[in-house]
Amino acid sequence: MSLLLKRRSRSETRPNEIPEKAKQPETEMETKADRQLERTQHNARHPHPHASEQNLNKLGLVSGGGTMGRRKTSAELISEAKMFLGETSGAMPLMATGGARLVSTRRPITPRESGRVLYGKVALAGRPPSAFSMRYLQNEKPSTPRQLPALSGSGPATPMPPRNGALLCQSSTETLIELLKQHRGLKECSDETVQHVNAILQELYTRVRKQERNFKRGFILGGLYGLVECSSPRVLLAVARVVLALRVTGSNLTGACKLIFKVARHEQHDALFHEHDVLELLIDGLGHASPLDDPEACIYAYGCIRFLTASSAQERDDALNRNWIGLEGSAGATNPVSDPVTSPALTAISAPLCPRKLTGQQTLVSRLARHGAVELMILHLQMLNEAGATKRLHGPPLHTLYQLSAAMRALADVSQQQQRLQLQLQLACPHLIRAAEVSMGELEVQANVVRTLSVLSEDSECCETLHNYAARIGLLLGPSCAGGQCSERLLAVLSRLGYMLGNILAKHESARIQYFQNDVAMEYLLNVLEQLNDRSPTSLALVDAQIKLIRVVANMSVNPEVGAGLGNVRSLGSVLLQLLNTTSNELEKKKSSEQQELLHATLGALHNLCFYQDKQAAVQPLAKGSLQSLIDELSASLASVLGTCQTSATKVELARVLGNLTRNERARRCFCASGGLSLMVQQLTKQAAGQDYELRTCAIGVLVNLLGDGEQRGPFLQLRGAELLSLLLRGSLEQEDWFLANIVCQALWNLLIDGQCAANLCQNGNILDEVSDLLADYLDEERLPTGDNDNDNDYDNDDPDDPEDNRNEDEENRTETDTEAHDALWEDFALVATDLLERIQNNFDRQQQSQASVPHTDNEDDNDVFIEEM
């Protein structure tokens, strides 16, 4: 039996508080190279200094500095948890409050269009056509055909000037119009003809922009009439520029918008829009239009903007989701932990995707933003909302809303690096929410509006605005399933509403409370979840909608008040339990990434909810189908799924849920009655020397809770559990993984509380002797590095402006931070290990004194330790 070490306080175990005089002789003999080598060797021995700290939260563990002799009150536990989270939030970016964690998902599934079409497959009654033929441009007021004015002099007309651009500026406006009329009906044309016609139109445009007073608007429009069927996109844009420069309204404005749309619908023409100011002229023209009085002009104009700014938006969606999958695959899970500020999916959004086209897009978007396009769109949106508030929108105004929201969505897709545009889009958020309400019943239009909002919710500034409307957005779920039918388009709406709400609830605490306290919004959410559960999970759109809506529950329940309250909400427990069983069964039949993500989203929601179900709800009777009423069934199902699961990432998620759930006494007993104890021993036996660190730590955390029940300690010994814990302790100490060693000590503590178990182990003293030797050896402070870096720069002749020196300094600072974190973990381990060593010594002493007596029963002053107290 090893010598028992004296209990040490935190101040006694803190290496940095060694007296300066005691440290001085050693540091004088060291060199900088020696210290760097020592730190390198230390880092090599302990490759995961932060992994343990992050897994502390994933297990639902709370770091405490006290001993294990007294059971702490719930108030003390909550206080410690808050203090711990506050102290370490900067070091652990994947942490969420209160032992719960946030859930992130991919963007909703977006249907792909083969090309640029105005409506795609949408069949809206009375919509303007995607393809059209322009037959005429006309005066704004009917007038008789005009005769060309006679030129100066008498006799025959003056001959037309040759094709010389230098002579065009010397020609009169009437001459320019007559030149254009010579090309009336022009369709196919040579490059030389295109250049000539463009030169005439450019000269005409210059004069119109100077607001000449000696021409009539109808006269010029009449000269442009014959060019609208030309096949050259350059000519069409040049004609549109002259028309818009005339500040036309009505049908002439609509005609100009159609011309621009005709060019913009082909992606290969995008470069032409960088050559002149046609986009600015288009915005000026829309400024004279009303979406109610001139809806067709708005439809085609916003269609142009949508095409030009969203040319690679689909590629961006694909890349975004590929990045998300790749990021998750590297972590071994498809449902990541995320914090209220940055989740893996949102981090991927900020990456520069599709650089080949993004620069051109951003240039056009910047021009539109500077020229007031977004402000105009918001104004038109307000006008449509006001009209829709008094009378249901239909026909062209409704189609205008469709195109306007799609154009705004395209702008949002490429606005990440343009602060001005982001601020403008932030102002649009409340109006888009109102538009989603106004378009209720018009599923295609509402889907477009909600899609725009879901993209805006990815931006932190827009999300800041949207969080004030969380419950109001939730109300949009209600009428969505009122008819009982779930079409693909309806599922798309539900998916995007869920995605948007999930983003909001991931960032804002007040939104979680606001949503939960709105009874109608909660009722709608439960109704939709129930209806989706009643359908066969064969459609990808259905699974995607379920993923996004379950994420709403998961992120909402991060809040303690909400998480506790959701435990007794009707039908929520049955929904999650059914999803757990159905999805795991589907995965047994056929591996599917979508089903895997749904299972992980479900486990994420259960993880958070179970954290707050450690005690039986005070409110009785329990609501039908609530989580509290299904603790027994849930415990058995988790054991069943864990027994058949073959995926390591899913096992980790299951262990995390069990780590929270088994804090509940009834859940522990039901889980063990379903073979849970042997399952956990099997997992730890496989992972004792394995590579899956997360699974190992989570499984030990579950074991700590299970051994808190006296009836599980005897069966655990029969499963050779004591030998397993000894093996795990040795492995963690050899790796200097103080976090893992800490929770193994907690499991041993709970095991040795039982007098009979302690007596059995003392009689066969090999295991406890080995544990004692290990603890005594690794509690020796001489094993720790001194952490002294005060003289690291003594041998440097560093130039403060040298970037190489700055890099070295950054590396040294990081090393010092890692060392401090490592030392803090060792201090926590030392406190727990010292208590355990004393308990082992007391058990040996007691065994020697009472070998002939009845085995010692549990001490009244000894309490079980559960995960929450660590």
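Mentor: Start with how helix directions are compared: axes are lines fitted to C-alpha atoms, and angles run from 0 to 180 degrees between N-to-C directions. Keep in mind that this is a predicted model.

Trainee: At roughly what angle do the axes of α18 and α19 cross?

Mentor: Helix α18 covers residues 396-413, and helix α19 covers residues 419-438. Their axes come within 11 Å. The crossing is left-handed. The angle is roughly 145 degrees.

Trainee: Which class of residue makes up the contact of α18 with α19?

Mentor: From α18 come Leu-401, Met-408, Leu-411 and Ala-412. They meet Leu-421, Leu-425, Ala-428, Leu-432 and Ala-435 in α19. No polar and no charged residues take part; the nine residues are nonpolar.

Trainee: Why is α38 described as largely enclosed by the rest of the structure?

Mentor: Helix α38 spans residues 738-753. It reaches 22 Å from first C-alpha to last, close to the 22 Å expected. Buried means under 20% relative accessible area. The helix is largely enclosed because the residues that count as buried are 16 of the 16.

Trainee: What share of the chain's residues count as buried?

Mentor: The chain has 41 helices and two strands. Its accessible surface comes to about 36600 Å², with 50% belonging to carbon and sulfur atoms. Of its 870 residues, the buried share is 56%.

Trainee: Among contacts between residues at least 6 apart in sequence, what share join residues at least 24 apart?

Mentor: Contact here means heavy atoms within 4.5 Å. Among those contacts in the chain, the share is 81%.

Notes. Residues numbered from 1 in each chain as written. Predicted model: local features only at pLDDT ≥ 70, side-chain atom pairs only at ≥ 80, totals over all residues. Heavy atoms only, no water. Helix = DSSP H or I, 4+ residues; strand = E, 2+ residues; numbered from the N terminus. Left-handed = near helix turned anticlockwise from the far one by under 90°. Nonpolar A, V, L, I, M, F, W, Y, C, P; charged D, E, K, R; others polar. Buried < 20%, exposed > 50% of the residue type's maximum accessible area, 1.4 Å probe, protein only. Areas by Shrake-Rupley, 256 points an atom, 1.4 Å probe, with all protein chains shown as cover. Expected span 1.5 Å × (residues − 1).
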